[in-house]
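Please consult the sequence and the structure shown below while reading.

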Amino acid sequence: MARMARGTHGTPNKKKVTRSGLATFAVGVSGTTDLNGLSLTVDGNDITLANSSKVLEAGKIYNIIRIPWSINGLFSVSATKKVVFSKGNLRCMKSGGSWAWSFFSNQYDYYNAYNENNWDKFCWVGASGALNSEPDKWGISTSTANSDFGTNADDKLKSDWGYRIGTGWRTPTNDEWTYLLKTRDGATSKYGFATVNGVNGIIILPDVFVDPKKNRNEDTDDFVGKDTNNYGYDRNVYNSAGWALMEAAGAVFLPAAGDRYGVKFYDAGTDGYYWSSTAAPTSYFSNAYLMSFGSNSLSIGNNSRSYGLSVRLVRDAN
């Protein structure tokens, strides 16, 4: 009879399980050391603490939370609030009669054709909207009737997409998109048009960013921000290896994934459209606010809720 392999103490070998969550570290440093730039290595994975004003005190124990599915960078979305971004755009897939929500594995991934079982461009369903059942209340609908999505000014999202992923994840507000891209210190130098792994889009840098340079197999140019007349997706070009360095430094990439109206897709590879959680005012009663961009422009505006647009979630970091 075959026997189970055993370890040195006579117990079955167990498969190593990698978990994420709260870890406690004893850190001995001088009382004036700032968290900025401090790196801790845990089980071979580098955790970099950046953008914090907290001072470490010698001899104390600090709890460090690693948020799963997030990019390692902090982004100011108001004068008092910072967020982390999800590792990719939101998607929902149907398999075996049930719907499963997740993030794309890569920041540059998206769907570019209609498939009734694979969704990443969601309509904006307000609390006053007529869509109430699963999964259409999340904007998984091919309806183009404005009344289905709500027509009340200052409406709330019937169901914020972040709820489908887990506690803490949420859709950025219109004010947060505006602050991030137009108001925070150096805002226009911290985003730029780019091509990543052959995909067009925009790169957004965290508040504190150290440029790792591009992949040495390409060139060594620094990141070019919008404030230096960065027009065209070819101003920042990264292959997969070069982008891995940028992502590790906290950079976010939003692909130009286009939009959906009914079952038709438009502008994939040309333009990007990302919902906020904020309804448009009375004069645009059937609209909601969004952030959009092309190869040489970026704007905060509003559009009909019946359009299917991309969603990138954030989570409060402080």
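Is Tyr-307 buried, partly exposed or exposed? Tyr-307 is partly exposed, with a relative accessible area of 25%, where buried means under 20% relative accessible area, exposed over 50% and partly exposed in between (1.4 Å probe, protein chains only).

## Basis of the model

The model is predicted: local features need pLDDT of at least 70 and side-chain atom pairs count only at pLDDT 80 or more, whereas totals for chains, interfaces and linings use all residues. Residues are numbered from 1 along each chain as its sequence is written, and side-chain values use heavy atoms, with hydrogens and water left out.

## Surroundings of Tyr-307

Tyr-307 is located in the loop between strand S19 (298–304) and strand S20 (314–316); helices (H or I, at least four residues) and strands (E, at least two) are DSSP runs, numbered from the N terminus. Residues up to four places away in sequence aside, Tyr-307 touches Phe-122, Cys-123, Trp-124, Asp-259, Arg-260, Tyr-261 and Trp-275, contact meaning heavy atoms within 4.5 Å. From Tyr-307 to Thr-144 the C-alpha distance is 7.4 Å, although 163 residues separate them in sequence.

## Ser-143

Ser-143 belongs to the loop between S9 and S10 and is buried at a relative accessible area of 17%. Beyond its neighbours within four places in sequence, Ser-143 contacts Asp-148, Phe-149 and Ser-306. A polar atom of the Ser-143 side chain also lies 3.2 Å from the backbone nitrogen of Ala-145.

## Aromatic pairs

The structure contains 15 aromatic pairs. Rings of Phe, Tyr and Trp (its six-membered ring) pair if their centres lie within 6.5 Å; planes under 30 degrees apart count as stacked, over 60 as edge-to-face and the rest as tilted. One of the pairs, Trp-138 with Tyr-163, is stacked, at 6.2 Å centre to centre and 5 degrees between the planes. Both partners are in the loop between strand S9 (118–119) and strand S10 (169–170), 25 residues apart. Trp-138 is buried at 3% relative accessible area, whereas Tyr-163 is exposed at 65%. Trp-138 and Tyr-163 also belong to one aromatic cluster with Trp-101, Phe-122 and Trp-161.

Why is the pair of Phe-193 and Tyr-233 edge-to-face? The planes of these rings stand at 70 degrees, with centres 6.3 Å apart, so the pair falls in that class. Because Phe-193 is in strand S11 (residues 191–196) and Tyr-233 in the loop between strand S12 (199–204) and strand S13 (237–238), the pair ties together parts 40 residues apart in sequence. Phe-193 is buried at 0% relative accessible area, and Tyr-233 is buried at 8%.

## Lys-226

Lys-226 is situated in the loop between S12 and S13 and is buried, at 18% relative accessible area. Apart from neighbours within four places in sequence, its contacts are Thr-188, Tyr-191, Gly-192, Phe-193 and Tyr-231. The side chains of Lys-226 and Tyr-231 are joined by a polar contact of 3.4 Å, defined as a pair of N or O atoms within 3.5 Å; within protein, one must be able to donate a hydrogen and the other to accept it, and residues adjacent in sequence count only if both atoms are side-chain atoms. Lys-226 and Asn-296 are 70 residues apart along the chain, with 9.0 Å between their C-alpha atoms.

## Helix H1

Within helix H1 (residues 174–183), the buried residues include Asn-174, Glu-176, Trp-177, Leu-180 and Leu-181. These residues are on the same side of H1 because they cover an arc of only 170 degrees around the axis, the arc being that of the directions from the helix axis to the C-beta atoms.
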